[in-house]
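This briefing covers metal sites and pocket space. The sequence and the structure come before the points.

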Amino acid sequence: MTSMDTLVSLCKRRGFVFQSSEIYGGTGSCWDYGPLGVELKNKIKHVWWRDFIQQRADMVGLDASILMHPMVWKASGHVDHFTDPMVDCRECRHRFRADQLEETAWVHYCPATKGNKFTIPAGEPCSHCGARRTLCPDCGKGELTPPRQFNLMFKTFIGPVEEDAAVTYLRPETAQGIFVNFENVQQSMRRKLPFGIGQIGKAFRNEITPGNFIFRTREFEQMEVEYFVNPHDIVEGRPADEYWHDRWIEDCLAWFRRYGLGAENLRLHEHDRGELAHYSKRTADLQYRFPIGWSELMGIANRTDFDLKEHAKFSGKALTYFDEERKEHVVPYVIEPSAGVDRALLAFLVEAYREEEVRGEKRVVLRFHPELAPVSVAVLPLLKKRDDIVRTAHAIRDDLSRHVTAVYDDTAAIGRLYRRQDEVGTPYCVTVDVQTVGDTDKGEAADGKVTIRDRDSMEQMRVPASRVVTVVGELLGGKRWADVSAQIGRSS
Ligand SMILES: [Zn+2]
Ligand SMILES: [Zn+2]
């Protein structure tokens, strides 16, 4: 299993993820996506949007604003209930979640060993004196305050006056933007149940204990669907909400599998009664085997009619759907598949990372799905001192870049250039060499062909330069290497 440290270091070295405001010492658990990170992130969002919104006849999209009417958060329960119990150290001022104190390693000055300092594993007593933790786990000296409820929403003010009437919050989830627009979307798009609204956007939670790189951060991006169903409908002998809940669980699992996550690293976790949110009929998490252990990749919840009913109550609007067949108004039930973009990115990164041995040398390779790879194709000149080779390589890159993410690199010898592209997961490299352009001094004619190299097998094929865009397009579109190669062989 790849360690988180290995990934963090690769991400920084190769321009995927940087610590936010690093030159000022960093901002707690905020991360910036670098040139390759933003490409990877955009591609994840693009395929998700394409697969779940654009290609489905029963889905539409939305982009609601981050700042919303403060009553939204009253109705949703976030103002009153989106809290964690917190304790503070009176000595070092560190703050802890009261329910996580026993899961934290603790500092202890042991009276049985002349006050020597020990760091003792979470939940264990001191092996010298048998004492258990009562003081601050961080400094080992301070008393802790009694628990207080701490709201996880970021508070801010609309307009120039910092007064209570102007208070609002950065949204802690994108879902509410969909619920408050239910009627707008349903009526403007003339939708019949069942239908869904999807949204990708930033959300903010003032987590007390964020961490594990981009796994838990205070600012993050969600890919959410609210799928509205008629609770009175029966599908395949079952209530529609239960049927669609299962369908969404299957579809989400299949989606992550399709883009490369291994079946052995994915599992379903059903919330039991204790874990279940008060509005939820059933919630299943999709868990991934991250370097920190099995953890939530996404959740798929049956939120019933809770949200629409609450918003109806607080806004005075009906928020119902007229069932033409039964001639009755119903409040739809909602199935909510909710995924984090950052977590998906981390999972794809973990899954893609490989260290291999190639001819006695270590090769680091990110085996991204070709549609997710930050760079789709790199164009490399074999000799950078030959103007015609460099010119041809630039021209091919320019052509390719109209269709896919293409880069040019000539800052090292070819072997090194290949390794660099492997390390960032570029599925194909195109090399322009002497034969491509010919050598007049030696009387060698140009063959007009370039070499395409496959990242995973490291196999190569010669392709006419005029066909590179088509061939790379076919490969990225999922056509098998052997088939493309055979076709090139037949036609040239
Ligand atoms: Zn302390
Ligand atoms: Zn002790």
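**Zinc sites and the largest pocket**

Along the chain, the donors of the zinc ion (ligand 1) follow the spacing C-x2-C-x43-C-x2-C. The model is predicted: local features need pLDDT of at least 70, side-chain atom pairs count only at pLDDT 80 or more, and totals for chains, interfaces and linings use all residues. Residues are numbered from 1 along each chain as its sequence is written, chains are lettered from A and ligands numbered from 1 in the order in which they are written, and side-chain values use heavy atoms, with hydrogens and water left out.

**Zinc ion (ligand 1)**

- Cys89 (SG), Cys92 (SG), Cys136 (SG) and Cys139 (SG) are its protein donors, lying 2.3 Å from the ion; donors are N, O and S atoms within 2.8 Å of the metal (3.2 Å for Na, K and Ca).
- The site is tetrahedral, with angles of 106 to 118° among the four donor atoms; for four donors this term requires all angles to lie between 85 and 135 degrees.
- Cysteine 89 counts as buried because its relative accessibility is 1%, whereas cysteine 92, at 26%, counts as partly exposed (buried is under 20% relative accessible area, exposed over 50%, partly exposed in between, with a 1.4 Å probe and protein chains only).

**Zinc ion (ligand 2)**

- The protein donors here are His108 (NE2), Cys110 (SG), Cys126 (SG) and Cys129 (SG), at 2.2 to 2.3 Å from the ion.
- Histidine 108, in strand β6 (residues 106-110), and cysteine 126, in the loop between β7 (116-120) and β8 (148-151), are 18 residues apart, and the pair links distant parts of the chain; strands are DSSP runs of E of at least two residues, helices runs of H or I of at least four, numbered from the N terminus.
- The donor residues are spaced H-x1-C-x15-C-x2-C in sequence.
- Angles of 104 to 113° among the four donor atoms make this site tetrahedral.
- Histidine 108 is buried at 8% relative accessibility, and cysteine 126 is buried at 3%.

**Largest pocket**

- The largest pocket holds about 1,500 Å³ of space (a pocket is an open set of points on a 1 Å grid where a 1.4 Å probe fits, with protein on both sides within 12 Å along at least five of seven lines; lining residues have an atom within 4 Å of a point).
- Its lining has 48 residues, of which Phe82, Glu173, Arg205, Tyr279 and Glu296 are the closest to the centre.
- Elements that give two or more residues to the lining include α4 (78-81), β4 (83-88), α8 (306-315) and α9 (341-352).
- β17 gives the most to this lining, with eight residues.

Note on methods: Four donors count as tetrahedral if all angles lie between 85 and 135 degrees; four count as square planar and six as octahedral if opposite donors are over 155 degrees apart and all others between 65 and 115; anything else is irregular. Grid points are joined across faces, edges and corners, and a volume is the space filled by probe spheres set on the points.
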